[in-house]
Amino acid sequence: MRSVRGSAKGWANARRKANQRRNPKSTKDTMGCYVRRNFKLSDLGYASYQDYLASEEWKRIRKRKLQRHPKCLLCDRPSCQVHHLSYDERTLLGMLSVLLVALCEECHHGIEFDGNRKRTLEEANQELRRLAILRPDLERWRLTINRARKDFIFPWPR
Ligand SMILES: [Zn+2]
């Protein structure tokens, strides 16, 4: 069997990967969001997303967010997980706390998975937004996130 490398398809794949790396703002492709996130984390010195989640840096960012937001945004039960609305460098490093959302495990799983299928970041954010719209008391939060779109590029529906 012919090797993929050197074939037209191989080059197209290599070009697509190079574009993904150069173009972290694009949210059009499906799971590319996680590929770009992992490239970004690699640039920041993390071996993997698991490595990032296990780091002292993330533990500190997560703890601070949960202390400030002890209740799940969506259901008011105790929060224990933090959702990234964006995988840009500043959010990953905790410098953009507004793009981190404190949730309970159940709500976080509910927005990140559609049954067994892992949603893209854009789809997960869409689901979070859909659920937040059902809560009139979250309008201020939604306005804050909508406003953040003026300053930061992240997958959030208009
Ligand atoms: Zn919840």
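Two residues count as in contact if their C-beta atoms, placed from the backbone, lie within 7 Å.

**Entry: confidence**

I looked up the pLDDT. Its mean over the protein is 88. I found 85% of the residues at 70 or more. Residues 24-28 fall below 50. That stretch has 6 contacts in the model beyond near neighbours in sequence. Where pLDDT is low, the predicted coordinates should not be read in detail. I leave the stretch there.

**Entry: layout**

I listed the elements next. The protein has 8 helices and 4 strands. Along the sequence I read α-α-α-α-β-α-β-α-β-β-α-α. The protein has 158 residues, and 18% of them are buried.

**Entry: strands β1 and β2**

How do β1 and β2 run? They run antiparallel, joined by 4 bridges.

Then I followed β2 itself, residues 100-103. L100 and A102 point one way. V101 and L103 point the other way. I had a general rule in mind: in a regular strand the side chains alternate between the two faces of the sheet. All of these β2 residues are buried.

**Entry: the nonpolar core**

Which residues have the most contacts inside the largest nonpolar core? I found C72, L73, V101, A102 and L103. The core has 22 residues. At least two of its residues come from each of α2 (32-43), β2, α6 (105-112) and α7 (121-133). β2 gives the most, with 4 residues. In soluble globular proteins, nonpolar side chains tend to be buried together.

I took C72 for a closer look. I set aside its neighbours within four places in sequence. C72 is then in contact with R77, S79, A102, L103, C104 and C107. A102 and L103 are also among the residues with the most contacts inside the core.

**Entry: helix α6**

I then asked what they pack against.

**Entry: the loop between α4 and β1**

I looked at two residues here. P70 lies in the loop between α4 (56-68) and β1 (81-84). Is P70 buried or exposed? P70 is exposed, because it has 12 other C-beta atoms within 10 Å, and 12 or fewer counts as exposed. Not counting residues up to four places away in sequence, P70 touches P78 and S79. I also computed a distance to L103, 33 residues apart from P70 along the chain. Their C-alpha atoms are separated by 8.8 Å.

D76 lies in the loop between α4 and β1 as well. D76 is exposed too, with 12 other C-beta atoms within 10 Å. I noted its phi, near 70°. That is a positive value in a residue other than glycine.

**Entry: E57 in α4**

E57 lies in helix α4. With 14 C-beta neighbours inside 10 Å, E57 counts as partly exposed. E57 and L93 are 36 residues apart in sequence. I find them 7.6 Å apart in space, C-alpha to C-alpha.

**Entry: R119**

R119 sits in the loop between β4 (117-118) and α7. R119 has 17 C-beta neighbours inside 10 Å, so it counts as partly exposed. Leaving aside neighbours within four places in sequence, its contacts are E112, F113, D114, A124 and E127. M31 is 88 residues apart from R119 along the chain. Their C-alpha atoms are separated by 8.2 Å.

**Entry: helix α8**

My last stop was α8, residues 139-151. This helix has 13 residues. From its first C-alpha to its last, α8 reaches 19 Å. That is close to the 18 Å expected at 1.5 Å a residue. How many residues of α8 are buried? The number is 1 of 13, so α8 lies largely in the open.

Conventions:
Residues numbered from 1 in each chain as written. Predicted model: local features only at pLDDT ≥ 70, side-chain atom pairs only at ≥ 80, totals over all residues. Buried ≥ 20, exposed ≤ 12 C-beta atoms within 10 Å, placed from the backbone. Pairing = 2+ DSSP bridges. Core = buried A, V, L, I, M, F, W, Y, C linked by C-beta atoms within 7 Å. pLDDT = per-residue confidence, 0-100. Expected span 1.5 Å × (residues − 1).
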